[in-house]
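Here is a short report on salt bridges. Look at the structure first, then read on.

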Amino acid sequence: MLCYAASPIRLTASLSLELALMMDDSSPKPSPIPRSPHDLQLERCGDPTIRVFLIDDQSLTDHVLRRMLRDEELFKLHYCGEPLKAIEQAVEFRPSVILLDLFMPDLDGITLLVRMRNHEMLQQVPIVVLSVEEDPKVKASAFASGANDYLIKLPARDEMIARLRYHGVSYYNLCRTRALETERQQMLDTLEEALASAEFANRAKSNFLAAMSHDIRTPMNAILGMCELLLESRIDQEQTRQLTTLHNAGEMLLLIINDILDLSRIEEGRLALEPEPFDLRACLEETVEILSGQAQEKGIVLRHELPLEMPSWLLGDERRLRQVLINLIGNAIKFTERGEVVVRLEREGDKYWLCTVRDTGIGIPASRCNEIFSPFTQADRSITRRYGGAGLGLSICHKLLEMMKGRIWVESREGEGSLFSFTAELPESDAPVPMVESGVEEALISSDIDPASVRILMADDSPDNVMLIRAYLSKQPWQLEIAINGAEAVELVKSSDPYHLVLMDIQMPVMDGYTATIRIRQWEETRGLPRVPIIALTANAMAEDRAHSLDVGCDVHISKPVRKAALMEVIQQIIGGS
């Protein structure tokens with residue numbers, strides 16, 4: 001530690017002379033220092049003040065500095081004559097720059113400087129040593145201890161003010177940078193929290209939609225299945241009409257559920273197109289044929305116009321394109337009471353195709369033509385009550401066509417009809433390569449088996465589902481046995497004669513269908529037994545659900561509600577016979 005022996009007589013004389021010169025009324029009054037860009041920068045911060053904290057045991061230094069700064073509004077000076085109290089007062093004053101004398105009783109300036117640099121609230125504040133000591137070793141020690149500047153007491157007024165400005169603005173910039181960095185980090189933390197919250201909400205929404213789909217599809221399975229069975233029975237015309245109405249309402253509810261699931265998967269980025277070679281002409285003609293019955297019931301004309309020359313094969317996702325066509329043509333039929341619906345297809349460039357659906361229906365107000373492609377939106381709220389639907393179809397079409405690198409738009413006049421147009425990228429393709437089917441084809445059982453000996457095991461905890469499947473199979477000679485959970489199904493497969501087929505529900509108590517299927521496949525593999533065909537009959541309807549069913553060992557995945565014709569077709573493929 002260096003020892004300081006500055007002469008008090010020399011210091012007092014220097015200060016007294018400076019003060020006398022400044023207080024001499026006969027001398028010209030010093031003009032204010034010109035404003036600098038630093039001053040403007042400080043004014044923009046909200047508190048345009050450089051807070052100067054002076055630590056000196058001689059109050060005369062305070063008087064001199066106050067005279068220097070009396071015409072400078074930018075500065076605010078606080079004097080501390082007791083070095084032992086300096087840190088406490090500095091923390092309270094919150095200085096922009098500290099002026100520190102080195103030679104003081106009780107506590108020397110170097111020691112105080114080191115303590116300030118170790119203090120959390122003061123370690124970044126600029127400290128200017130203000131001393132009469134000119135020894136280079138003393139200056140070096142001050143800088144080594146953390147000083148930012150060293151001035152010989154006392155410098156000229158202009159130099160003093162310039163240095164105070166420089167260090168004050170530098171400290172302001174440092175504080176501002178740290179505040180901006182803190183603000184930036186807080187914003188990043190907030191964004192990360194918002195992102196995590198959004199991801200959690202998306203997962204919660206997906207889980208909710210999956211659960212909702214499952215919980216609704218399970219009773220819908222019984223409703224639609226029983227409607228089909230009753231429509232096959234001997235009932236009068238009025239009962240047939242009532243059951244048909246009930247069945248159509250159930251189908252409409254099922255469409256809404258499917259739309260909600262599709263929209264959710266698109267928004268989460270979990271729906272991917274599956275492009276394969278397909279025949280666009282056949283796709284459009286078959287779609288029009290499917291919907292022609294609805295048009296005939298309403299007495300309107302449904303026709304389509306195709307170019308004379310069309311490529312045999314195009315590359316695209318036929319299933320999703322057909323979904324767009326069914327939605328647009330179905331809407332046109334639904335909102336048209338008389339006249340016609342015309343579907344026109346034409347080529348647009350090498351890869352793109354343009355399709356238009358024109359109707360003579362109720363039309364859409366011009367002010368709402370852009371809104372109808374948003375989810376849950378109808379051109380008129382009364383439309384939902386009159387025509388049904390949830391307002392999701394056009395939103396799904398819009399998003400699917402974006403995925404196909406196309407777009408959709410509408411031109412309409414209220415009361416005169418609408419013209420929906422869309423484009424899609426569908427490049428030409430080579431003919432599809434025939435592929436050997438796997439899965440159910442590998443599980444075929446000899447067709448010469450006695451039908452009466454066919455044993456089918458159904459694992460399902462729902463009495464309604466069991467009753468429905470029994471009714472579906474009631475006219476067949478097959479034997480149907482029931483397990484009320486996956487664990488019971490596994491034990492029955494292990495303990496009894498081989499089954500020819502297992503109908504496996506997925507969500508069951510005790511043991512779910514996935515686990516039961518895995519256990520059955522492991523048991524077959526360890527004993528070298530042939531695989532028993534397993535059909536997953538489940539309310540889990542998403543694509544990933546089907547993929548998971550096949551991954552765990554199921555041969556077929558059928559989503560509820562289970563259609564009698566579809567189920568019987570699959571069973572006939574597996575066990576053979578007519």
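E228 and R563 meet through their side chains in a salt bridge, 3.9 Å from N to O. A salt bridge here is a side-chain nitrogen of Lys or Arg within 4 Å of a carboxyl oxygen of Asp or Glu. This pair links distant parts of the chain: E228 sits in helix α7, R563 in the loop between β17 (556–559) and α17 (564–575), and they are 335 residues apart. Helices (H or I, at least four residues) and strands (E, at least two) are DSSP runs, numbered from the N terminus.

The model is predicted: local features need pLDDT of at least 70, side-chain atom pairs count only at pLDDT 80 or more, and totals for chains, interfaces and linings use all residues. Residues are numbered from 1 along each chain as its sequence is written, and side-chain values use heavy atoms, leaving out hydrogens and water.

By the salt-bridge rule the count comes to 32. One of them joins K153 and D56, with the closest N and O atoms 2.5 Å apart. K153 lies in the loop between β5 (149–152) and α7 (157–232), and D56 in the loop between β1 (50–55) and α3 (59–69), so the pair ties together parts 97 residues apart in sequence. Both K153 and D56 are buried.

D149 and R163 form another salt bridge, 2.8 Å from N to O. D149 lies in strand β5 and R163 in helix α7, so this pair ties together parts 14 residues apart in sequence.

How accessible are the partners? Buried means under 20% relative accessible area, exposed over 50%, partly exposed in between (1.4 Å probe, protein chains only).

| Residue | Relative accessible area | Class |
|---|---|---|
| D149 | 11% | buried |
| R163 | 31% | partly exposed |
| E228 | 17% | buried |
| R563 | 26% | partly exposed |

Salt bridges that share partners also join R303, E305, E340, R344, E346 and R358 into one network.
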